[in-house]
Amino acid sequence: MENSHRLAHISPTGQMQTIFDHLYGTASLAREFAYPFGGEIQAELAALAHDIGKYSAAFQKRLYGGPGTDHSTAGALECWRRKQIFAAFAVAGHHGGLPDGGSQTDGPDQPTLWGRIKRGEQGLLEPYESWKQEVDLPQAKVPDFLMRRSGAEWVFFTRMLYSCLVDADFLDTETFMEGRERESNKTSMEQLWNKLQSYISDWFPPKGELNRQRCRILERCIKEGKKQQPGIFSLTVPTGGGKTVASLAFALAHAKKCGLRRVIYVIPYTSIIEQTAEIFREILGTEHVLEHHSNILYDLEGEASPHTIRLAKATENWDMPVVVTTAVQFFESLYACRSSQCRKLHNIVGSVVVFDEAQMLPIPYLRPCVWAISQLVEHYSVSAVLCTATQPALETIFHEFLPQFPIQELCPPDTCQWGAFRRVSFQKEGNLTWDELAVQLNAHNQVLCIVNTRKAAQEVYERLDKIGSFHLSTLMYPNHRKQQLMEIRRCLKEGLPCRVVSTSLIEAGVDVDFPAVYREMAGIDSILQAAGRCNREGKRSAEESIVSIFEGEEKAPPLFSTAIGAGKHAMVRHEDITSYTAIHDYFSEFLDLKGKDAQDKEQILPLIRSVFFPFRTIAERFHLIDTPTRTVYIPLEEGAELVEQLRSGGGGRTLFRKLGQYGVSIYDKHFAALNQAGDLEILENGAAILCNTALYSERTGLSLEADSGKGLFI
C-alpha cells in the first residue's frame, strides 16, 4: 500500500483520514496549545511522532477488523533515538497513559518506557519505516527554564506536554469523525469584565455600614487586579465580606490586565461549588461558566441542547472562560497519568486560579499541592489566589518552593473594619454528656449543633424532641440531604422549630442562618466555619448570637486530634479567636505538630525527585480523598429505578453518576458487618446495594448497626 493511502482513521460513514493528515492536523493544534509555556516545538515533535506506528501493515489490517497492535511505541522510539525524552514519554502514553520510566534492567516485556524502548531496539515492533517518506521530525529545543533545572520540573513539563498532545489528538480525530470542528467559547476577559461591571453597578453608593465595608473590599480587589503582575496572592476576607464576588472581580481585572485566558475556581466541597457556580452564571451568563465535579451530569441522552453538548465536551479539556471545579478534580489531574484526566492541563496555563477555602487542602497531600501551585506560577503563567476567611500559614512552604514570589495579600487588615462583620459571640461550655447537650438544644426553638462523628450525630439526634428536629450526615444519601436542607431552610424562614444535629458537612459554605450554634471542640478553622452558620444574615446582634464550644462524650477521633490540640492552645493564648494573629498561630502550630512528613504522606515529592519519571506510580499514590470507604446504593425514591437498571446489567458512567445521588460511603468495618448480616447485595461488577431497606431511616439515614444488632462504633 502506498504511503499516501496509509490511513489513520475510518469514520462510521466510511470517510478515510490519512496518517499524514492526522499527524499534521494534530501537530498544528498541539503546537498552539504548548506555545503559552514555550513548549511548541516539543509538542509539534510529539504530535508528528505519535502515530507513525500506524504506517505498519499490521495497523492497516487492524482498521479493517484485524487484531490489535502496538502503534505508540514506534513514535516513542524515534523520539528516544533523537534524545527527546519528554516527547518519548508523551508519545508512549498517548493511548494507555503515561508509563513509569523504569530502569535499564527492564526487559522488553515490561510496560515501562525502558521496556518499550527495548522492544523496539530488539526488532519486536511491526515494521513502520515508510513514515520517513512523508514525515519530517523537527529538532526540538526544550524551554530555557528546563535547561537550568532537572528532575521534578522535567516531570511536570512532560505532563503538560502530554496534555497538549492528547487533547490535540482527540480534537483532530473528533473533527474528522464528526465532520466539523468543535465549537469553542471565544469570549474575552474584557467581555466578562463588562458583565461584572454591569452586575455591581447598583451597589454604589453602598447603603448601610456592612455594604460600605463590602464595597471597600470589592474596590480594593479591583484596584489590585488592575496593577499586579502575575504571581501568588492571598485574599483574607471576613465571613460576610463578599469574598465570592470580590475574588471574581480581582480575577477578571487581573486577567484582563495581564492577558490571561481564563479563571478557574478550585473549591473543596460540591455544596460550595454549586452555590458559587450559580452566582457566576447569574453574573456572567450560563454559557460562559463550566461547573465540573462528580455531582454534575450533562445528560446527552435524548434531546440534548447545543449548550448541554458544549458544556459536556468542555469538561474534557476545560475550554471555557470560567471553570468551577473541585480540589480533587484539579490536583488529581495534575498528578494523573491517564489521557482523560490530563487533557485539560494545558488549559490551566495562563489562568487566574482561585483556591477557595484554601485552609481545607488535605494535610497528607499539602506539600505536593503547594509544589504543584508553585510550578504553575513559576513556569506556566498562572496567578494563584489563596482565598479564605481563615488564612492558613502556608508562607513557609510556598517560600521553600517559590522564594522569588512572595505571597501578596490583596486585602490587608486596614482595608475594612473587621469588627463590622462580627456577628457572633463565643462561649465555652466545657464537657457535656449527650443527655446534657440534648437538654440545652431542646431549650432552643432554632439551633444548630455540629459534632465530630456520624455516630455522635445519631446519638444526639435520638435524644432531641422529635417535632422540629433534623439530622444531617453523610450516612444520608446526597439527594436525601438536599431534601432535608430544603425543609430546614423553610422552617428557619418561617420561624418554625428547627433543631439540627449535623456533622461538619454543613460548615463549608452551606447557606443557613441559625440564631444559636453549638460546636463540638475542633480546630479553630472548623469552629469559625461553624460560626458562619450563626446570624449569617446579620439580623441579630453579636451579643445575642452565641456560638457555644463544648467537649462531648466521645474521645476525639485520631483524624481530628492534632487540630483539636492546636485549637485548644490557640484558645488559651488568644481571647479573640477570630483575630488574624489567632488564626495564623493556630495554623502554624497545626502544621508544626503534623510535621513535614505528614504533609506528604505518600512521599510524592521525594519519589518525583529520585526516580526516573514515575508517572504511573505517582498517579496510583496521589488520591486527595484517601479514606478506605465503600459505596452502598440505597434503592429508595428514584434510586430504586436506577438500582434496577444496575441489576439488569447497566453500568455506564451516566448511570453511576445518577446513582451517586443515592449512594452512601461507609467504612470497611461497617460494610463488612452489613455484608455478613446479609443486608447487602453485591453485584458481579462489585457494586453494593442495600437490600434490607429497614436499615435506612428517613430521618437519620443508614443505620450504624447491621441487622444482627451489632453496633459499629465509627
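This is a predicted model: local features need pLDDT of at least 70, side-chain atom pairs count only at pLDDT 80 or more; totals for chains, interfaces and linings use all residues.

Q: Okay, which order do the strands of the six-stranded open sheet take?

A: The order is 10-15-14-11-13-12, and the pairing is parallel. At the edges are strand 10, residues 425–431, and strand 12, residues 469–472, each of which pairs on one side only. Neighbouring strands in this sheet are turned against each other by 15 degrees on average, with direction ignored.

Q: And how many bridges join strand 10 and strand 15?

A: There are six bridges, in the parallel sense, between strand 10 and strand 15, the latter covering residues 546–551. As for a pair of residues to look at, Q427 stands opposite S548 in strand 15.

Q: Which strands does helix 19 lie across?

A: Helix 19, made of residues 454–462, lies across strand 12 and strand 13 (498–502), and its direction makes an angle of about 170 degrees with strand 12.

Q: Switching to the other sheet, the open one of four strands: what is its order?

A: That sheet has the order 17-16-19-18, and its pairing is mixed. Strand 17 (663–667) and strand 18 (680–682) each have a single partner strand, so one side of each is left without a neighbour in the sheet. The twist from one strand to the next averages 40 degrees.

Q: What is the bridge partner of Y633 in strand 19?

A: The partner of Y633 is I689, and the two strands involved, strand 16 (629–633) and strand 19 (688–690), pair in the parallel sense over two bridges. Helix 28, residues 668–676, lies across strands 16, 17, 18 and 19, running at about 105 degrees to strand 17.

Q: Now Y477, is that one buried or exposed?

A: Y477 is buried, because its relative accessible area is 3%, and a residue counts as buried under 20%. Its place is in the loop between strand 12 and helix 20 (478–494).

Q: What does Y477 touch?

A: Leaving out residues up to four places away in sequence, Y477 touches I634, L636, E637, Q661, Y662, G663, V664 and Y696. Y477 and L636 are 159 residues apart along the chain, yet their C-alpha atoms are separated by 10.0 Å.

Q: Last topic: how many residues are in the largest nonpolar core?

A: The largest nonpolar core has 123 residues, and F330, F331 and F355 are among those with the most contacts inside it. Helix 8 (152–178) gives the largest share, 12 residues. A second, separate core has 48 residues, including L448, V512, V547 and I666.

Methods. Residues are numbered from 1 along each chain as its sequence is written. Side-chain values use heavy atoms; hydrogens and water are left out. Two strands pair if DSSP finds at least two bridges between them. Axes are lines fitted to C-alpha atoms, for helices over the stretch in contact, and angles run from 0 to 180 degrees between N-to-C directions. Contact means heavy atoms within 4.5 Å. A nonpolar core is a set of buried Ala, Val, Leu, Ile, Met, Phe, Trp, Tyr and Cys residues joined through side-chain atoms within 4.5 Å. Buried means under 20% relative accessible area, exposed over 50%, partly exposed in between (1.4 Å probe, protein chains only).
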